[in-house]
Amino acid sequence: LATYRTDCRFYNGYKPCKHKRLCEGCDLFEARGPHIGVISLEALGAVLRSTCLLPAIRRQFPNAVVTWITYPNAVDLLRNHPEIDQIIPFQDRNIPALNHLRFDRLFCVDKSLQAGGLSKSLNADIKLGFSIDDHGSIVPWNHEADYMYRLGLDDQLKFFTNQKPETQLTTESLGLEWKRDEYRLFLTDEEHHRSAQIRKDARTNSKGIIGFNTGCSKLYPYKKFTVERSIEVVRAWRQNFPEWTVFLLGGLEDRERQHQMKQAFSSDSKVVNTPTDEGMRSGAVWIDACDLIFSGDSLGMHIAIARSKPVIAWFGLSCEQEIDLYDRGIKLKSEVSCSPCWKRSCQNEPKCYDQVKVATVIEATKALIDKL
Ligand code: SF4
């Protein structure tokens, strides 16, 4: 009878393990450590940012088997991450499996009814992060999560007093050691190759590539510039950095806006409208090909940070101190007194997204280019 090492951390019982070999005679066996569950369901940028937990988890539990539970639309952001052993999309067909699993430690990152309910219902010896009570109110599992819990309830604390980045808040609230670990999005070999090719093609007639993440999620529509302001910024880049190519980067929801932007530069081959309909992995490849990225506080910004890009990030409604650019970038703050506010819509004029000066963007771009 063949030998199966079901006690190996790489064993999945379904297909060849990541080392692509049979168990018999294998010298890469690693005994399974504790089973760690991470619940990080949404939003997309926040899920990607939560991967900053993985180095801290590995430091404490080197042989852990890490199972990450997330919504199906976030799975692409986690694919190919070497520190995640199993990704389980949170959807109906996976409920029986989730109910059956037993975790040694379960970390719930999100403060939401869905994530809290899931953390409450799953089998685990130790639960950390967030849960819900019998009435559906969100509550912390552990005292380390108190500060992050309070941030959600106290705008003065969240908007002005707190100076910790979200990566630190999340790590500490789960009782893990924070060492300013980065969050990462890992490309496959094929994606690396594609990124290199895009870069090579663009650089045949330019010094480098400025990536402009043009949009943001529909949930917070004010995290993006108007089309008119976007065109002004691109025009200023082209005037100030004529040897640089500009990539317009975005997703499906940015398609029409990007089309209008490109139309303003229809005869300029150095303004490139990149595909908006090829999914997040393709978007990450285009971002990876750039030398620097300009973005609002959105998924595109997080992907750029997770690909270790120098980023110029502008902030209006959200809290700039919650984002760590890891000393590679520059933060710009909208010049409005009502910022931050975390509003999904507002009646104030002028709007935050109109109060980041084009000249300031150019200055920041020059500063980053000079450092490359
Ligand atoms: S209140 Fe101010 S910061 Fe908030 S969305 Fe409106 S303009 Fe932007």
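Predicted model: local features only at pLDDT ≥ 70, side-chain atom pairs only at ≥ 80, totals over all residues.
We can begin with the helix pair. Helix 6 (residues 146-153) packs against helix 8 (residues 166-173) at an angle of about 130°, and their axes are 8 Å apart. That angle makes helix 6 oblique to helix 8. On the helix 6 side, the contact is formed by Tyr147, Met148 and Leu151, which meet Glu166, Leu169, Thr170 and Ser173 of helix 8.

Glu322 lies in the loop between strand 11 and strand 12. With a relative accessibility of 6%, below the 20% cut-off, Glu322 counts as buried. Beyond its neighbours within four places in sequence, Glu322 is in contact with Glu166, Arg49, Lys158, Asn162, Lys164, Pro165 and Trp342. Glu278, by comparison, is 44 residues from Glu322 in sequence, and their C-alpha atoms are 30 Å apart.

Helix 14 (residues 358-371) comes next. From first C-alpha to last, its 14 residues reach 20 Å, close to the 20 Å expected at 1.5 Å a residue. Val358, Val361, Ile362, Ala364, Thr365, Leu368 and Ile369 are the buried residues of helix 14. Viewed down the axis of helix 14, these fall within an arc of 165°, so they line one face of the helix. Ala359, Glu363, Asp370 and Lys371 are exposed on the other side. The cover over the buried residues of helix 14 includes helix 10 (227-240) together with strand 7 (208-213), strand 8 (244-249), strand 10 (292-296), strand 11 (311-315) and strand 12 (330-333).

Technical notes. Residues numbered from 1 in each chain as written. Heavy atoms only, no water. Axes fitted to C-alpha atoms, helices over the stretch in contact; angles between N-to-C directions. Helix = DSSP H or I, 4+ residues; strand = E, 2+ residues; numbered from the N terminus. Parallel < 35°, antiparallel > 145°, perpendicular 65-115°, else oblique. Contact = heavy atoms within 4.5 Å. Expected span 1.5 Å × (residues − 1). Buried < 20%, exposed > 50% of the residue type's maximum accessible area, 1.4 Å probe, protein only. Arc of directions from axis to C-beta.
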